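Work through these exercises with the model open beside you. Each task is followed by a worked solution.

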Protein chains: 2
Amino acid sequence: MKMAKTKFSSFLSDCQNRLNQQLHELFITQKSPSPRLHEAMQYSALAGGKRIRPLLIYATGEAFDVPLSHLDKPAMAVELLHTYSLIHDDLPAMDNDVLRRGKPTCHIAFDEASAILAGDAMQTLAFEILSAPNQHLDAHQQLRMIFILSRACGIHGMASGQALDLATLGENITQDELQHIHELKTGALISACIELALVPSQASPEQITHMQIFAQAIGLAFQVQDDLLDVIGDPNELGKPTGMDAKRDKLNYPAIIGVEASQNLLKNLVTNALDHLHLATKKPTYLKELTQLIIERNA
Amino acid sequence: MKMAKTKFSSFLSDCQNRLNQQLHELFITQKSPSPRLHEAMQYSALAGGKRIRPLLIYATGEAFDVPLSHLDKPAMAVELLHTYSLIHDDLPAMDNDVLRRGKPTCHIAFDEASAILAGDAMQTLAFEILSAPNQHLDAHQQLRMIFILSRACGIHGMASGQALDLATLGENITQDELQHIHELKTGALISACIELALVPSQASPEQITHMQIFAQAIGLAFQVQDDLLDVIGDPNELGKPTGMDAKRDKLNYPAIIGVEASQNLLKNLVTNALDHLHLATKKPTYLKELTQLIIERNA
């Protein structure tokens, strides 16, 4: 993410440092009776990554005058849930990936059992963080956040998306079917980020509706860009090999509608997202720039 | 569980039916976009089982005048968390078990990826159930229950217990080390059952302390009995083979201190548990009988 030192780039690095610092402290305070489990969890949670989901939470908070301190716990929880899903998706029984963020995946660096347990305990930790006594959120807000995240990650969202993704390997799926899988597998958690940040806000039902449409559009845009990177990206910048979808006999956007149509779809999704963002808030700056960054990213 | 039709046995079957009925309804209402994931989750959650953890919750509620309806959600959540842990523990990378409750384990009946995802989504579902709008519990009570369960299941409890259990295979552990593993792997969730049931109660701090000691004692007693059954139990009644710990080069209570000393330990634990139960409540009947049942069980 190279850019001139703008107000936005300071905001980005501040938020990333804020999150990384807190995850770091989390693993210092959260001791485990099993040093190996602790190490495996910490290895994956602190392996870097763009922290896009926490950035979305903080940027949405900023657009709706929610202090960032109120969003630290949901930001951490979302990143832990995302990381748990990566650890499990990488397992030999699933995507069988050996590289993630330029480093050996958890089950390669440790072993399969440790990776399964690290993912399991990381999911639990997300809910522990959100349910622990919180000086910034009231009980109703905390509970609402837990509900939003559990709906996004489980049988109604991410887990079903991954199950469908695996079930359709080698199958001739349509663009609609692909969109449905993406909406579940990555879209649901990205939408949840926006929803979480709005919980402690004063947003009106109308503003929330616009933000939900914004969230759905950027969620899908994020995945279309991911699919494009798998076809035309640079493995060195990505920190993982490209062409993996084809290798797995898995259809993605470029495979179904072509590279150019995928790029056009991406543009339309972003236009739609930004239209609704402008209808939702008069203070969309960082979210707008973050949207651009997400779809212009090389990794 | 053969017994004369007593008030207690009616209570037991009422609670088991109550729980099974609700789990059944849960999987009717909780549709998944992935039929296979839904089927794998339902297969394991409705595979029978003694439902000891929900029974402990209901019996504790009864002893402290908490209406059973207030405890339905925590009872379901605990059973889902327990079932998720069984599905993952049975995986080839962990205990590699092919039979559970007399039926093929989840990864045998389905496949490894489905079993991993079914466990993942089942954990999420437990937290969804506890965070959903609830007519019997207020937000603080719901949040407290989520916190208790996340502490019991994750890095401070069950997941670390399983990690230590795997890490000490083939090692010459002491009785203290074995007790520590058991306390984490099964004790923490059993203690959580008692704690959960007390959340909506009027129990005093002193009563709670006695109940915590009761919970720790029966948690360990449960596991000592489990270890004994693995050595001297009947595979037909258990629904799974015996001698598995020895086969895995895993030390259990009979292996470390002998069968007779294990049986004496069990008796002492139960005496201690019942002493504190009687100090905690004047209405201990069902909990007392349940304790007897747990340690006299053949399966």
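**Exercise 1. Classify the direction of helix 4 of chain B against helix 7 of chain B.**

Helix 4 of chain B and helix 7 of chain B run roughly parallel to each other, therefore that is their class. Now the steps.

- Step 1: take the geometry. Helix 4 (residues 72–89) of chain B packs on helix 7 (residues 139–153) of chain B at an angle of about 20°, with the axes 12 Å apart. Axes are lines fitted to C-alpha atoms, for helices over the stretch in contact, and angles run from 0 to 180 degrees between N-to-C directions.
- Step 2: apply the classes. Angles under 35 degrees count as roughly parallel, over 145 as roughly antiparallel, 65 to 115 as roughly perpendicular and the rest as oblique.
- Step 3: list the contact, meaning heavy atoms within 4.5 Å. P74(B), A77(B), V78(B) and L81(B) of helix 4 of chain B touch M145(B), L149(B) and C153(B) of helix 7 of chain B.
- Step 4: sort these residues. Seven are nonpolar, no polar and no charged.

The model is predicted: local features need pLDDT of at least 70, side-chain atom pairs count only at pLDDT 80 or more, and totals for chains, interfaces and linings use all residues. Residues are numbered from 1 along each chain as its sequence is written, chains are lettered from A and ligands numbered from 1 in the order in which they are written, and side-chain values use heavy atoms, with hydrogens and water left out.

**Exercise 2. Describe how helix 7 of chain A packs on helix 9 of chain A.**

- Step 1: helix 7 (residues 139–153) of chain A meets helix 9 (residues 175–198) of chain A at about 170°, and their axes lie 8 Å apart.
- Step 2: that angle makes helix 7 of chain A roughly antiparallel to helix 9 of chain A.
- Step 3: R144(A), M145(A), I148(A), L149(A), A152(A) and C153(A) of helix 7 of chain A face A188(A), L189(A), A192(A), E195(A) and L196(A) of helix 9 of chain A in the contact.
- Step 4: the contact residues divide into nine nonpolar, no polar and two charged.

**Exercise 3. How many salt bridges are found over all chains, and how many across the interface of chain A and chain B?**

- Step 1: set the rule. A salt bridge is a side-chain nitrogen of Lys or Arg within 4 Å of a carboxyl oxygen of Asp or Glu.
- Step 2: take one of them. D72(A) pairs with R18(A), with the closest N and O atoms 2.7 Å apart. The pair links distant parts of the chain, 54 residues apart: D72(A) sits in helix 4 (residues 72–89) of chain A and R18(A) in helix 1 (residues 7–29) of chain A.
- Step 3: turn to the interface. The rule finds two salt bridges across chain A and chain B. E128(B) and R151(A) meet in a salt bridge at 2.9 Å, N to O.

Definitions and conventions. Helices (H or I, at least four residues) and strands (E, at least two) are DSSP runs, numbered from the N terminus. Ala, Val, Leu, Ile, Met, Phe, Trp, Tyr, Cys and Pro count as nonpolar, Asp, Glu, Lys and Arg as charged, and the others, Gly among them, as polar.
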